[in-house]
Amino acid sequence: MTERIVIIGADAAGMSAAHQALRTAEKNGRDLHVTVLDKGRYTSYSACGIPYWMAGDVPSGDALVGRTPAEHREAGIDLRLESEVTGVDLAGKQVKLADGQTVEYDELVVATGAPAAIPPWAHAEDGTPYDRVGPVKTLEDGEAWLGRFARAGEGAHLVIVGGNYIGVEMAEIALKRGLGVTVLTRSRVMSLLEPEMSERVALALTEAGVEVILDAEITGLRVCDGVVCGVEWEGGGRDCDLVVLAVGVEPATGFLADSGLPMGPSGGLRAEPTGRVADGVWAAGDCCEVRRRLVGDWAFLPLGTHANKAGRALGDNLGGGSLTFDGVLETSITRFEGVVSTSRSPAPVFRSTTHARRDSTR
């Protein structure tokens, strides 16, 4: 008898689960039909590499794709892109799509990831996004930013809201492109690190010519003739041409809000080491919280390495295996390569409470 597996999400966790399930099932003599649904146009790509594509270090967005849709289908996966899931009937074991169709399943895998968080102030009152403002999370985002950089030209000023991984990486990329750069953070740069290490990162940024403003609580954007031209925070403001939103991500689990499935305060699902969440329901990747192995508690720590490992363990169990993903050690890596221009001098680190309004040189 064929078991129907439906996976929502076609990136790291989802596709790792799909391929591992088929491999393990074949070894165990089980017959699986694996359907993967995703609302996007791309699969299995390195989101971490997007800033370096924007810098020109990676030749194209296609170079970040690990496996194409055609390659997944050739491996026996029923991959359906541009298929947005709007709800799940857990009792009836059906997935509901935006176009009104339903897909039935025997086992459901939630691997929906975590899209970029978009603050309320980052768009117009009617919800329309501003052309010069956006996150750096998907290949579509990368395409949009290449267009923004081209239109703005060298010498434009970029404000990055957020001082963790994406914020620091985008500062490096903007310097390489010849832009002026300001990093605004509501606490400190790389706040996941110890304060002493955070200070060293902030110093490296300023030595490269990045203006760093700490403790800046954003209050809104400045709009000139319908175009974003600055960022405002409590106690100050900054003229700019472009704004990167790097304020974090949120688990894509809203469609399961009333499902009764176990979730943490972040909205992330809480799965067993096998990937099982409840009877007939599994989950892995950035839509989940994970166990911190050193202390044993739950935390929302979205990273591609976690997603791949958790997805592989989940898929192995779906195919009759016994792999487990037992948690994380909270290791990660990023970089900032100082790009010092002879026309720039080190920029001081400000705190918003002591930083007066500063206008950029256009």
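Mentor: A residue is called buried when its relative accessible area is under 20%, exposed when it is over 50%, and partly exposed in between, as found with a 1.4 Å probe on protein chains only. The model is a predicted one, in which local features need pLDDT of at least 70 and side-chain atom pairs count only at pLDDT 80 or more, while totals for chains, interfaces and linings use all residues. Residues are numbered from 1 along each chain as its sequence is written, and side-chain values use heavy atoms, with hydrogens and water left out.

Phe-149 has a relative accessibility of 4% and therefore counts as buried. Trp-145, at 0%, is buried as well. Both belong to helix α4 (residues 139-152), where they stand four residues apart and are thus separated by about one helical turn. (Helices are DSSP runs of H or I with at least four residues, strands are runs of E with at least two, and both are numbered from the N terminus.) An α-helix has 3.6 residues a turn, so residues three or four places apart point the same way.

The structure holds two aromatic pairs; rings of Phe, Tyr and Trp (its six-membered ring) pair if their centres lie within 6.5 Å, and planes under 30 degrees apart count as stacked, over 60 as edge-to-face and the rest as tilted. Tyr-42 and Tyr-45 have ring centres 6.4 Å apart and planes at 80°, so their pair is edge-to-face. Both of these tyrosines are buried. Trp-145 and Phe-149 make a tilted pair, with 5.5 Å between the centres and 45° between the planes. The ring of Trp-145 has a further neighbour: the charged end of Arg-148 sits over it, 4.6 Å from its centre. (This requires NZ of Lys or CZ of Arg within 6 Å of the ring centre and within 35 degrees of the ring normal.)

We turn now to the strands. Six of them form an open sheet of mixed pairing, ordered β3-β2-β1-β7-β18-β17, where two strands pair if DSSP finds at least two bridges between them. At the edges stand β3 (78-80) and β17 (276-278); each has a single partner strand, so one side of each lacks a neighbour in the sheet. From one strand to the next, the twist averages 25°.

Within this sheet, β7 (residues 107-110) and β18 (residues 281-283) run parallel and are joined by three bridges, and Val-109 stands opposite Trp-282 in β18. Helix α7 (residues 304-318) packs on the sheet and touches β1, β2, β7 and β18, its direction making about 155° with that of β18. Contact here means heavy atoms within 4.5 Å; axes are lines fitted to C-alpha atoms, for helices over the stretch in contact, and angles run from 0 to 180 degrees between N-to-C directions. The buried residues of α7 include His-306, Ala-310 and Leu-314, and what covers the buried residues includes β1, α1, β2, β7 and β18. After α7 comes Gly-320, with a positive phi near 100°.

Strand β10 (residues 180-184) has five of its five residues buried, so it is largely enclosed by the rest of the structure. Five bridges join β10 to β9 (residues 157-161), the two running parallel, and Val-161 has Leu-184 as its bridge partner. β10 also runs parallel to β11, with three bridges between them, and Thr-182 stands opposite Glu-211 in β11.
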